[in-house]
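Welcome, and open your viewer. We will go from stop to stop, and at each one you will hear what to select and what is there.

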Amino acid sequence: MPENMNILDDISHRRYNSLRGTWLLVSPHRTKRPWQGQQESAEKITLPEYDPACYLCPGNKRAQGDINPKYTETFVFVNDYSAVKEEQAEYKQEVNPEDLSNLLLRAESVKGRCYVLTFSPSHNLTLADLTPKQILPIIQAWSQVYTAHLSPASPLASVAQPPSLALANIPVSAPSAQYRWMQIFENKGAAMGCSNPHPHCQIWTTTGLPEEALQELEQLKKYRHEHGGKSLLADYAQLEIEKGERVVFQNATFLVVCPWWAVWPFEVMVISKEHKRSLVDLNDQEKLDFAEAIAEVTRRYDNLFQTSFPYSSGIHQAPLEGSDEEIEASHFHMHFYPPLLRSATVRKFLVGYELMAEPQRDITPEQAAAQLRDCGGTLYRKLL
Ligand SMILES: [Zn+2]
Ligand SMILES: [Zn+2]
């Protein structure tokens, strides 16, 4: 380890997040405070494989009366309580430069469609319980939903030859408009506000670019422009592989790393080593490598505190519709933001200084990566 890294282990410092263009405060010495945490016993999952009251289990009736098919792998449907809708009243802000409302009370309408995608027919499984081969159909479903929503004008559409939604086995009609962004995300665990333990994710498509996507895309475009067309995340992945200290896992296609700029204690990024713009750039073997990376992250998370580890995760990739520059600058990756800090019950809150000043963390990403490297192997629950 270089000498200046040793210093950063002991002193408060700020780290720059080059993907977002923001800073965070790192206070590693705070973890040397005495910790009186109790050691909890390993947690078993006692949920049934099928729950007659679950709106995601095969064959069950949902809130609006639709019946789920008896699906065997994954199942996609339009969310019965979507956050954005395809049809709504038009809204256009009047343009009057003398009116302060134009400046200070801005709004724009957002249309879109929200899907729910189940990971498995089994109510009591999580990604951590699944093998890469069992995760692969989920990635294929993500890929199909994404591809079916691509703008025909996108350079990605010619690679992917977008199927219609029906061909992609998505039992819904085509959306009424071309949407710009697709956010695939999972909230896992009650700590993250997830109300149903049945393994599933959400897929929201919207007319505009949301803030996180916009901020990252600006940084990716800037780097590409300033570094002769190179990808920030390809360069970053290469650098992390050379350094090694924040690497959790890697295979031929993907790097799993606790990023230099991690805010959450055990935050992880899954980054494609080479420049891939989106799911459509991954061939079958690369999709399986992605499945393996997800399996490695989620199993290590559960093993870390011997609990079903809560997190929010999400995929960032090229917009469904965008300029060639936006699409070429995009670099496929996945974030995992877990709230747990020292045990199954001690969680980190983003409060106080984090809300008022900037994010702050105690253990360093290097320490977090070392702990996650050490807890691979069999899922703890299988040994109970
Ligand atoms: Zn269920
Ligand atoms: Zn991202």
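This is a predicted model: local features need pLDDT of at least 70, side-chain atom pairs count only at pLDDT 80 or more; totals for chains, interfaces and linings use all residues.

Next, try the distance tool on the ends of H5, residues 211-226. At 1.5 Å a residue, its 16 residues should span 22 Å, and the end C-alpha atoms are 23 Å apart, so the two values agree. Step past the end of the helix to glycine 228, where phi is positive, near 55°.

**Stop two: an annotated group**

Select Glu216, His316, His333 and His335, which an unreviewed UniProt entry annotates as "binding site". They are spread over 120 residues of sequence, yet they cluster in space, with a largest C-alpha distance of 12.4 Å.

Zoom in on glutamate 216, which sits in helix H5. Is glutamate 216 buried or exposed? It has 23 C-beta neighbours inside 10 Å, and because 20 or more are enough to be buried, it counts as buried. Leaving aside neighbours within four places in sequence, glutamate 216 is in contact with Leu19, Arg20 and His316.

Now move to histidine 335, in strand S11 (residues 333-337). With 22 other C-beta atoms within 10 Å, histidine 335 is buried. Which residues does histidine 335 touch, not counting those up to four places away in sequence? Select Met269, Ser313 and Gly314 to see them.

**Stop three: helix H3**

Select residues 132-149 to bring up helix H3, which has 18 residues. From first C-alpha to last, H3 reaches 26 Å, close to the 26 Å expected at 1.5 Å a residue. Color its buried residues, among them Ile135, Trp142, Val145 and His149. What covers the buried residues of H3 includes strand S3 (75-78), strand S4 (112-118), helix H4 (155-160) and strand S6 (200-206), along with S5 and H7.

**Stop four: the core**

Val145 of H3 leads us to the largest nonpolar core, which has 79 residues. Select Val145, Val256, Val268, Val270 and Ile294, the residues with the most contacts inside this core. Helix H7 (residues 284-305) gives the most to the core, with nine residues.

Center the view on valine 270. Setting aside residues up to four places away in sequence, valine 270 touches Phe254, Val256, Ala293, Ile294, Val297, His333 and Met334. One of these, His333, is also in the annotated group from stop two.

**Last stop: the whole chain**

Zoom out and color by secondary structure to see ten helices and twelve strands. The radius of gyration of the chain is 22 Å, close to the 21 Å that the globule rule gives for 384 residues, so the chain is as compact as a globular protein of that length. Its C-alpha atoms fill a box of roughly 55 × 55 × 45 Å along the principal axes.

How much of the chain is buried? Buried residues make up 38% of the 384 residues. Finally, of the contacts with a separation of 6 or more, 72% join residues 24 or more positions apart.

Methods:
Residues are numbered from 1 along each chain as its sequence is written. Chains are lettered from A and ligands numbered from 1 in the order in which they are written. Helices (H or I, at least four residues) and strands (E, at least two) are DSSP runs, numbered from the N terminus. The expected span of a helix is 1.5 Å times one less than its number of residues. A nonpolar core is a set of buried Ala, Val, Leu, Ile, Met, Phe, Trp, Tyr and Cys residues joined through C-beta atoms within 7 Å. A residue is buried if 20 or more other C-beta atoms lie within 10 Å of its own, exposed if 12 or fewer, and partly exposed in between; C-beta atoms are placed from the backbone. Two residues are in contact if their C-beta atoms, placed from the backbone, lie within 7 Å. UniProt positions are given in the numbering used here, feature names are shortened, and annotations may be inferred rather than shown by experiment. The radius of gyration is taken over C-alpha atoms; the globule rule is 2.2 Å times the number of residues to the power 0.38.
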